[in-house]
Amino acid sequence: MNGVIAAHRKLWEESMREPTKFWERVAAELEWFKKWDITLDDSNPPFYRWFVGGETNISFNCLDRNIKRGRATKVALTWVGRDRQSRHLTYWDLLREVNRFSLALKSLGLRKGDRVTVYMPMIPEAMIAVLSVARLGAVHSVVFSGFGVQALAERIADSQSRVVVTADAMFRRGKVIPLKEVVDGAVERAGSVESVIVVKRPGIDVKMNRSIDYWYHDLLSEVEKAPVVEPEPVRSEDPLFILYTSGTTGRPKGVMHLHGQYMVWAYAHNKWLFNWGDNDVFFSTPDIGWINGHSYSIYGPLLNGATVLWYEDAPDHPHSGIWWEIVDEHQVTSMWVAPTAVRLLMRYGDQIPGKYSLRSLRIIVSAGEILGEEAWRWLRRNVAKDRDDCAVIETWGQTENSGFIAAPGGYGIAGAIAYRQGSVGLPYPGIKIGVIDDGGRELGPYERGNVVVYPPTPPAFMYTIWGDPDRYVRTYWQKFGVYLTGDYGYLDSDGYVYILGRVDDVVKVAGHRLAPADVENVASRHPAVAEAAVVSVPDPIRGEALVVLVTPKISLNADRERLSEEVRELVRREMGAVAYVERVVVVDRLPKTRTGKIMRRVIRAVLTGSELGDLSTLEDDASVREVLEAKQVLERELSGRS
């Protein structure tokens with residue numbers, strides 16, 4: 001472990017001491033059509049621009065560059081469909097398809113700088129679409145295929161997209177989910193769309209508007225013998241993509257990343273952590289509609305010449321062992337998982353992954369939300385099989401900074417992982433993380449507070465909010481003059497980062513600040529609990545009291561009332577009287593975003609009767625109804641006591 005920490009410190013200190021020289025060397029590992037004039041333009045903080053004046057193209061670096069390096073016949077994408085059919089696209093195959101679709105987009109009048117909304121399931125054409133948009137120097141806005149009409153319309157309208165790429169429908173847990181009809185409603189409301197391109201996936205009947213709708217396969221048939229579409233030279237400081245994140249109120253934020261600097265970071269931080277070899281297979285489970293899907297399902301692996309694997313359907317369909325079956329069948333060596341998916345699979349019991357070998361796995365990476373102690377132990381015991389040659393780690397980052405910016409090791413050293421349980425690792429090169437109190441005072445090791453990143457920000461970071469730079473300053477920089485992540489946590493004496501939850505989720509009981517992770521980790525130790533969420537409600541004596549929501553494991557037929565009392569007693573015993581729990585409520589599902597993050601603010605709003613705020617990213621309306629029912633039970637109990 002000490003060797004890994006030393007390697008990290010050497011690389012990190014170099015990146016902080018001479019940042020421009022450091023990032024010049026990293027960027028030089030990629031290909032540029034024109035070298036940059038200025039490595040870092042920090043003349044207008046907090047709007048930092050890297051490699052200014054340079055010209056490149058990320059699609060070229062993902063495809064053409066790898067083919068020139070002898071990877072033409074190497075598999076770039078292995079795709080596993082819902083019926084277990086699979087497709088293998090080599091780097092040459094992918095370039096050929098991207099070239100054809102790029103020509104089709106050009107035939108519709110798409111130009112450099114135009115915006116394209118991609119609203120698709122996890123099928124190969126989704127990767128082709130994203131890379132084609134980037135190849136033409138246009139800007140993609142990928143919207144998760146689970147969003148409804150209004151959420152999609154808002155994102156199309158805000159980006160002023162001229163083109164939408166979608167599918168007729170998608171498969172999810174045995175059901176056919178229409179997509180084209182959602183697009184039709186959104187396009188009608190948005191008003192800017194000139195062309196809609198539809199991939200035929202299930203092959204359902206859809207309404208096609210002859211004035212703007214085109215079948216994907218028809219467009220490609222017209223360019224069967226397509227001339228080569230040379231990648232558009234794009235300035236480093238031009239936008240590559242917009243990716244929307246929800247706010248508690250108001251319209252979603254369009255996080256805008258710049259072409260050159262995102263490319264450099266996506267390449268480098270994947271290389272430092274995974275260090276993929278020629279025979280590695282990377283199973284990337286995040287949907288392309290969120291940042292981990294951009295950086296780990298598309299750009300990061302391809303920039304490094306790796307083989308990435310996608311699975312089309314849910315992690316428990318057609319059976320609860322499908323992920324582990326895919327790992328064995330395709331000899332997966334590295335895997336990216338979301339904590340919410342892990343906790344879903346935990347509900348089916350330990351025996352499911354026990355049916356599979358999983359010997360090929362060398363690293364399992366979790367991101368998106370706090371994994372938690374029990375979920376980590378479950379992965380370590382049941383998936384990694386407690387092997388020394390398979391690491392289970394957490395990383396931490398945000399949409400705003402391209403993915404993870406802290407991780408436990410890597411740095412180009414094969415197998416070099418120094419994980420500390422509960423930590424998301426060490427700040428990656430160029431990232432200076434600190435913790436400050438509400439007054440802006442810097443805190444020492446183990447002191448809890450606001451997690452911040454000090455300027456200037458490295459290439460990982462967003463440039464602004466699309467069309468609203470003032471909102472960017474207000475949201476992230478105005479309060480403390482440094483980048484405010486919105487997360488609550490601490491650093492240990494070696495600089496390891498511990499994230500305990502969102503600052504807005506921290507509760508104060510009898511004058512003591514408690515992070516959700518503190519209580520949720522304890523509640524999750526109960527053998528019948530799969531997942532827990534903690535929020536606070538007003539209390540006349542303590543100021544705030546805790547309400548804990550837990551979901552039971554499917555494999556156990558738990559007595560819900562008994563489980564509630566046992567979890568309450570467990571928290572009281574382990575954390576003491578300071579963590580006063582008003583009630584433990586057992587529910588079948590928790591309100592989550594479509595990327596798997598627990599929406600604690602929604603739970604709190606329901607329990608306190610407050611405004612729910614922006615629900616566009618809510619995964620399942622039924623989860624809110626369950627919380628509402630829990631509130632009614634809680635109110636009856638409280639009135640009964642009085």
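In which sense do strand β14 and strand β15 pair, and over how many bridges? This is a predicted model, and the views below start with that pair.

**View 1. Strands β14 and β15, with helix α10 lying across them.** β14 (residues 239-245) and β15 (residues 253-258) pair in the antiparallel sense, and six bridges link them. To pick out one of these links, look for F241, whose bridge partner in β15 is H257. Helix α10 (residues 259-274) runs at about 80 degrees to β15.

**View 2. The open sheet of eight strands.** Read across, the order goes β12-β11-β8-β6-β7-β14-β15-β26, and the pairing is mixed.

**View 3. Helix α14 and what covers its buried residues.** Along α14 (residues 373-383), you'll find A375, W376, W378, L379, R380, N382 and V383 buried. Just past the helix, look for K385, which takes a positive phi of about 60 degrees.

**View 4. Helix α16 packing with helix α17.** Here α16 (residues 516-523) meets α17 (residues 560-575) at an angle of about 120 degrees, and their axes are 9 Å apart. That angle is why α16 counts as oblique to α17. The crossing is right-handed. On the α16 side, D518, V519, V522 and A523 make the contact, while α17 brings V567, L570, V571, E574 and M575. Sorted by class, that's seven nonpolar residues, two charged ones and no polar ones.

Conventions. Residues numbered from 1 in each chain as written. Predicted model: local features only at pLDDT ≥ 70, side-chain atom pairs only at ≥ 80, totals over all residues. Heavy atoms only, no water. Buried < 20%, exposed > 50% of the residue type's maximum accessible area, 1.4 Å probe, protein only. Helix = DSSP H or I, 4+ residues; strand = E, 2+ residues; numbered from the N terminus. Contact = heavy atoms within 4.5 Å. Axes fitted to C-alpha atoms, helices over the stretch in contact; angles between N-to-C directions. Parallel < 35°, antiparallel > 145°, perpendicular 65-115°, else oblique. Left-handed = near helix turned anticlockwise from the far one by under 90°. Nonpolar A, V, L, I, M, F, W, Y, C, P; charged D, E, K, R; others polar. Pairing = 2+ DSSP bridges.
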